Amino acid sequence: MDDADLASPLDPRHGTHRGTRDGAHPGHHDAPGSAEGPLEAAPTLLVLALLLVAAGGYLLAVRRARRRNPAQGWSTWRTVSFVGGLAVVAVALLPPLGPAAHTDFRGHMAQHMLTGMYAPTALVLAAPVTLALRALPPSGARRVTALLHSRPARLLAHPAVALALSTGTLGLLYCTPLYDTAMGHPAGHWLMNAHFLASGCLFAYAVAGPDPAPARPGVPARLVYLGVAIAAHALIAQAMYGGFLIHIHAPVDQVRQGAEIMYYAGDVAELLLAAALVATWRPERRRGRPRAAPGPVRAGSASGGVPVGRPASG
């Protein structure tokens with residue numbers, strides 16, 4: 001690559017800074033396929049252990065829930081969804097994609113899509129909160145319910161907050177030196193992935209989660225927030241491809257291909273989330289029951305409404 005290529009007007013780094021000729025991030029390994037030392041392998045082993053613990057904990061909770069209420073049971077599809085979500089996280093963070101994401105922007109963007117969009121939808125559709133409410137003893141279930149109704153939880157569960165944390169931070173990451181700074185330190189890269197996963201789960205839960213969520217807005221409002229997320233992802237991907245206001249230290253072809261991954265893979269993930277919203281939508285329906293004769297209202301009679309934040313069915 002000559003100097004003219006580095007100064008191309010379409011260079012995503014144009015107007016910010018120019019990358020090295022090999023496109024390597026400062027402080028990273030020289031080659032994506034280099035052998036990992038003990039310190040580099042430690043996070044991989046930790047991630048593997050956490051995934052196994054999460055899978056074991058979910059399966060144990062399923063067993064307890066089925067024992068507590070054999071008639072109600074628990075949906076096998078929700079179990080498959082949770083294990084599948086963990087498998088997606090494993091593909092994103094473990095070799096070969098995990099190490100490649102440290103040095104190749106295309107690998108980073110594929111990792112971002114998997115941890116921030118695909119895995120969260122699968123994990124949220126597994127209804128882990130509802131499962132916990134069924135598996136825990138009454139005292140523990142009451143504490144979880146109190147936590148869900150607390151002011152911080154209600155604030156975080158609002159789609160506007162979840163949208164700001166998941167999609168809003170992408171502009172901060174890719175339009176400032178934050179991405180290069182995070183990629184220059186192994187701990188920063190792992191923290192970035194943790195943010196992608198946590199914020200993605202929060203947004204999926206706020207928009208389409210089957211778990212109880214007090215003060216969650218109605219379906220039309222959630223569709224609007226999802227539409228804003230789709231538009232924001234598309235704009236950031238297009239700006240990344242064209243090199244507008246983007247601050248990424250990587251070769252031009254990697255940035256453009258990473259933008260294409262973000263654009264097309266993001267569209268598919270958001271369509272899946274929209275389908276999940278429709279699938280988990282339980283509209284309030286009026287049943288055609290014969291009207292009772294006029295008379296005094298009995299104590300404890302139903303008012304016809306469905307409680308807000310009803311737990312998902314097993």
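What follows is a conversation about how the terms used for this predicted model rest on its values.

Colleague: What kind of model is this, and how are its residues numbered?

Modeller: This is a predicted model, in which local features need pLDDT of at least 70 and side-chain atom pairs count only at pLDDT 80 or more, while totals for chains, interfaces and linings use all residues. Residues are numbered from 1 along each chain as its sequence is written, and side-chain values use heavy atoms, with hydrogens and water left out.

Colleague: What makes up the secondary structure of the protein?

Modeller: Helices are DSSP runs of H or I with at least four residues, strands are runs of E with at least two, and both are numbered from the N terminus. By that rule the protein comes to 13 helices and zero strands.

Colleague: How much of the protein counts as buried?

Modeller: Buried means under 20% relative accessible area, exposed means over 50%, and partly exposed lies in between, with a 1.4 Å probe and protein chains only. Of the 314 residues, 41% count as buried.

Colleague: Why is Ala-127 called buried?

Modeller: Ala-127 has a relative accessibility of 0%, and therefore counts as buried. The residue sits in the loop between α5 and α6, and its phi is near 50°, a positive value in a residue other than glycine.

Colleague: Is Leu-245 buried or exposed, and how do you know that?

Modeller: Leu-245 has a relative accessible area of 72%, so this residue is exposed. Leu-245 belongs to the loop between α12 (219–242) and α13 (252–280), and although it is not a glycine, its phi is positive, at about 60°.

Colleague: Why are such phi values pointed out?

Modeller: They are pointed out because most residues other than glycine have a negative phi, and most peptide bonds are trans.

Colleague: Why are the buried residues of α7 said to line one face of the helix?

Modeller: In helix α7 (residues 138–148), the residues Gly-140, Ala-141 and Leu-148 are buried. Seen down the axis of α7, these buried residues fall within an arc of 100°, so they line one face of the helix; the arc is that of the directions from the helix axis to the C-beta atoms. On the other side of α7, Pro-138, Arg-142 and Arg-143 are exposed, while what covers the buried residues includes α6 (128–135), α8 (151–156) and α11.

Colleague: How do the axes of α5 and α11 cross?

Modeller: Axes are lines fitted to C-alpha atoms, for helices over the stretch in contact, and angles run from 0 to 180 degrees between N-to-C directions. The axes of α5 (residues 105–125) and α11 (residues 186–208) come within 8 Å and cross at roughly 40°. The residues of this contact, which requires heavy atoms within 4.5 Å, include His-108 and Leu-125 of α5 and His-189 and Ala-208 of α11.

Colleague: What classes do the residues of the contact of α11 with α12 fall into?

Modeller: The axes of α11 and α12 come within 9 Å and cross at roughly 145°. The contact is made by Phe-203, Ala-206, Val-207 and Ala-208 of α11 and by Arg-222, Tyr-225, Leu-226 and Ala-229 of α12. Ala, Val, Leu, Ile, Met, Phe, Trp, Tyr, Cys and Pro count as nonpolar, Asp, Glu, Lys and Arg as charged, and the others, Gly among them, as polar. By class, this contact has seven nonpolar, no polar and one charged residues.
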